[in-house]
Amino acid sequence: MENDFYINLEGLKEGNHEFQYQLNKSFFQSIDYAEIANGDFNVGLRLYKSTRHFELKFTFKGEVEVICDHCAEEFLHPMLFFTETIIRFGEEEYEDDDLIVLEKNNPVFDVKHYIYESIFINLPLKLVHPTINGVSGCNPETLKKLEELKQNKENESDPRWDALKKLNK
């Protein structure tokens, strides 16, 4: 499976090429620095080779296992998104949002890290269980405990603020 992610760009004929990748837990665990431990994705790649560059268009559809920022329980977060990038050959490697430059003497592109990073950066900043019909998907016991802690915190007074309030009177 590891070799499936290497594309020999020089060996491709001009025109369109299609690649499909099935990602699962073993894919995410094979990434050394992965913050995502589990997921299930279908990734489609349409690569167009011209004489000057390569256009890569990705389609991502699947779900990743994440931890809810609200109740700290795991849940599956569904995702569907598209990315595009261009690859060219140059003197030294370079990468930004829409352009990847590979060294001329290294025509092999490892798409694995690009796929992982695309999934990771397309996660929302705040991950919470989805609300269905006005009901949170979070654990009700955890929500109850959070509400109790919130009430206790509101009832507590901070002596520093109390002293400042006295000055205002």
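Which loop, between which two strands, holds Asn133?

## Asn133

In this predicted model, Asn133 sits in the loop that joins strand 9 (131-132) and strand 10 (135-136). Its backbone has a positive phi of about 55°, although Asn133 is not a glycine. Most residues other than glycine have a negative phi.

Asn133 has a relative accessibility of 77%. Exposed means over 50%, so Asn133 counts as exposed.

## Ala72

Ala72 is another residue with a positive phi that is not a glycine; the angle is about 65°. Ala72 is found in the loop between strand 4 (54-67) and strand 5 (74-90).

The relative accessible area of Ala72 is 58%, which is over the 50% cut-off, and Ala72 is therefore exposed.

## Phe81

Strand 5, which spans 74-90, contains Phe81. Is Phe81 buried or exposed? Its relative accessibility is 8%. Because buried means under 20%, Phe81 counts as buried.

Leaving aside residues up to four places away in sequence, Phe81 touches Phe41, Phe58, Thr59, Phe60, Ser118, Ile119 and Asn122. Of these contacts, Phe58, Thr59 and Phe60 fall within strand 4 (54-67).

Notes: Residues numbered from 1 in each chain as written. Predicted model: local features only at pLDDT ≥ 70, side-chain atom pairs only at ≥ 80, totals over all residues. Heavy atoms only, no water. Helix = DSSP H or I, 4+ residues; strand = E, 2+ residues; numbered from the N terminus. Buried < 20%, exposed > 50% of the residue type's maximum accessible area, 1.4 Å probe, protein only. Contact = heavy atoms within 4.5 Å.
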